[in-house]
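I opened this entry to look up the salt bridges. My notes follow the structure.

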Amino acid sequence: MTVQPMNGGHFDYHQFFIREIADKIEEDITRALQPKPEMVHEDYWMIKKCGTPHSFYIYPRYDITFPSYEEAEGEDVLLQSIDEFMAATQDGEQIPILYSIHHAVFDRYP
């Protein structure tokens, strides 16, 4: 029985692809071993505006301050507009626009 060398195959005579894959793995290992940068701390308030019965918008606000956390956020804290009403309501019903405030804190790598 004669053993024939394998021709073609997955790399189809392009052995340099193997070198590219090996180089990429080495790069990934080198990057993984480098020290991570300091985390960035994000602390802000989000205002959710319910302008229609079926959707809402979120506005991050960095300039809002409150006397205490409890006064700013809670399960039942919902603000209601006194002069703006939701769009696309059934039968033209005038439902005030609703706002809720939520505190957002998270750490992330830059």
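**Salt bridges, pair by pair**

I looked up D23 and found a salt bridge with R19, with 3.0 Å between the closest N and O atoms. The term stands for a side-chain nitrogen of Lys or Arg within 4 Å of a carboxyl oxygen of Asp or Glu. The model is predicted, so I note that local features need pLDDT of at least 70, side-chain atom pairs count only at pLDDT 80 or more, and totals for chains, interfaces and linings use all residues. Residues are numbered from 1 along each chain as its sequence is written, and side-chain values use heavy atoms, with hydrogens and water left out.

D23 and R19 both sit in helix α1 (residues 16-33), four residues apart, about one turn of the helix. Helices (H or I, at least four residues) and strands (E, at least two) are DSSP runs, numbered from the N terminus. D23 is partly exposed at 32% relative accessible area. I use buried for under 20%, exposed for over 50% and partly exposed for in between (1.4 Å probe, protein chains only).

Next I checked R31, which meets D28 in a salt bridge at 3.0 Å, N to O. Both lie in helix α1, three residues apart. R31 is exposed at 53%, and D28 is partly exposed at 31%.

Then I looked up R108, which pairs with E42 at 3.1 Å between the closest N and O atoms. This pair links distant parts of the chain, strand β4 (residues 96-108) and strand β1 (residues 40-52), 66 residues apart. R108 is partly exposed at 35%, whereas E42 is buried at 14%.

Shared partners join K24, D28 and R31 into one network. I noted four salt bridges in the structure.
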